[in-house]
Amino acid sequence: MGVEEDKIIQEEAIAMELAYKSLVDFRRIYLPSPADCEAAPFHHEWSEILLHGKQHFAQEAFRESGKSVIVIRAHSLYRLVFPSNEYNFIVIIMANQTLASARLKDLADDYLSDPKLCANLIEVKKNNEKTFEVMVKDIYGKPINVRIDAYGKGSSIRGLLHGETRPKLIIIDDPQDLEDMNSEGIMEKDYDWFLSDIVFLGKSCRIFMIGNNLGESCLIERVIANKDYLGFQAERIPVIKDVKPTWPGKYTVEFIDKERDTYEKLGKIDIWYRERMCESLSPENQIFKEEYFKKFSWKDVKTPELNVFMT
């Protein structure tokens, strides 16, 4: 073996070790893109939570924060390239079955079409609109069966089993859309589905939920509001925090200020705050609406003998 070949092998070994330790490095090494920029600090946090976390986690992040790229694409392919029995059955849930099936097909195509990704493939067992299941080798050469299922929000999955195995991880990505936001009935139905199907299934597996703010009654806002009861850790990531961009490699203060000013001039600042700051300003999407709050007036006091003490 020549010096140059030995150097290449060493570089590949180092790259594989980096990819094994971090989803950010995994994406950079296995899924490079010409549009790549320096990853955000919160991308590294998502990697740590997905690879090493033990609790349920709800993450509200601004639009175009790279959440689907890291949480769905990089993480799912990581579990195929570096399989383990701890996470050999993953369920992905999106707003509807069409979106979920399309995302699953993209993942299967990505894996099967890239020799570097599928170098550990032994056999494809299932590849359809709801399931991608393969037998692959782990880093020690041991065969492991890995299954990824994809479902739309509202699907009945409470008793989901693969043989004797229940899902090890449920990833919920943008489960609601703007159309859902306009219907309190849908919002309530979705929350009931989450409490009955997802939370009970989560007794035996982890839940990682990520999405945008669609108002106080949307699913992820309710989960964050009740995180202590539901056993979730939760966090919101706006595009700018404490006057600093949360993804400085992609968004500058100048870009953010200009974009915000544009939406304000258009009279649509509520959209900008919802999409970029994870805040809902639109009155119709608030649970506690302005008309619910009554102002006190002494004229409303009907009992003359009433004594009021203020401390």
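I start at helix α1, which spans residues 3-21 and contains Tyr 20. Please bear in mind throughout that this is a predicted model. Because its relative accessibility is 41%, Tyr 20 counts as partly exposed. Together with Ile 139 and Tyr 140, Tyr 20 makes up a nonpolar patch on the surface, and the accessible area of the three comes to about 390 Å².

From the surface I turn to the interior. In soluble globular proteins, nonpolar side chains tend to be buried together. Here the largest nonpolar core comprises 56 residues, and Phe 26, Tyr 30, Trp 46 and Phe 208 have the most contacts inside it. Helix α4, residues 67-81, supplies the largest share of this core, with eight residues. There is also a second, separate core of 28 residues, and among its members are Met 187, Cys 205, Ile 207 and Ile 220.

What does Tyr 30 touch, leaving aside residues up to four places away in sequence? Its contacts are Met 16, Ala 19, Val 81, Phe 82, Asp 114, Lys 116 and Leu 117.

Which strands pair with β7? Strand β1, residues 56-61, runs parallel to β7 and is joined to it by four bridges. Strand β6, residues 169-173, is also parallel to β7, with five bridges between them.

I now come to the charged residues. Side chains of opposite charge can pair when their charged atoms come close. The count in this model is 20 salt bridges, and I shall discuss several of them.

Glu 86 and Lys 54 form a salt bridge with an N to O distance of 3.4 Å. Glu 86 sits in the loop between α4 and β2, and Lys 54 in the loop between α3 and β1, so this pair ties together parts that are 32 residues apart in sequence. Glu 86 is partly exposed, at 46% relative accessibility, and Lys 54 is exposed, at 65%.

The next pair is Arg 222 and Glu 188, whose side chains meet at 2.8 Å, N to O. Because Arg 222 belongs to helix α8 and Glu 188 to helix α7, the bridge ties together parts 34 residues apart in sequence. Arg 222 is buried, with a relative accessible area of 13%, while Glu 188 is partly exposed at 35%.

Arg 276 and Glu 259 form a further salt bridge, with their closest N and O atoms 2.8 Å apart. This bridge links helix α11, which holds Arg 276, to helix α10, which holds Glu 259, across 17 residues. Are these two residues buried or exposed? Both Arg 276 and Glu 259 are buried.

Finally, Glu 60, Glu 221 and Arg 236 are joined in a network of salt bridges. Thank you for your attention.

Technical notes
Residues are numbered from 1 along each chain as its sequence is written. This is a predicted model: local features need pLDDT of at least 70, side-chain atom pairs count only at pLDDT 80 or more; totals for chains, interfaces and linings use all residues. Side-chain values use heavy atoms; hydrogens and water are left out. Two strands pair if DSSP finds at least two bridges between them. Helices (H or I, at least four residues) and strands (E, at least two) are DSSP runs, numbered from the N terminus. A nonpolar core is a set of buried Ala, Val, Leu, Ile, Met, Phe, Trp, Tyr and Cys residues joined through side-chain atoms within 4.5 Å. Buried means under 20% relative accessible area, exposed over 50%, partly exposed in between (1.4 Å probe, protein chains only). Contact means heavy atoms within 4.5 Å. A salt bridge is a side-chain nitrogen of Lys or Arg within 4 Å of a carboxyl oxygen of Asp or Glu. Patches are made of residues with over 30% relative accessible area and no salt bridge: like charges are joined within 9 Å, nonpolar side chains (Val, Leu, Ile, Met, Phe, Trp, Tyr) within 5 Å. Accessible areas come from the Shrake-Rupley method with a 1.4 Å probe; for residues, only the protein chains shown count as cover.
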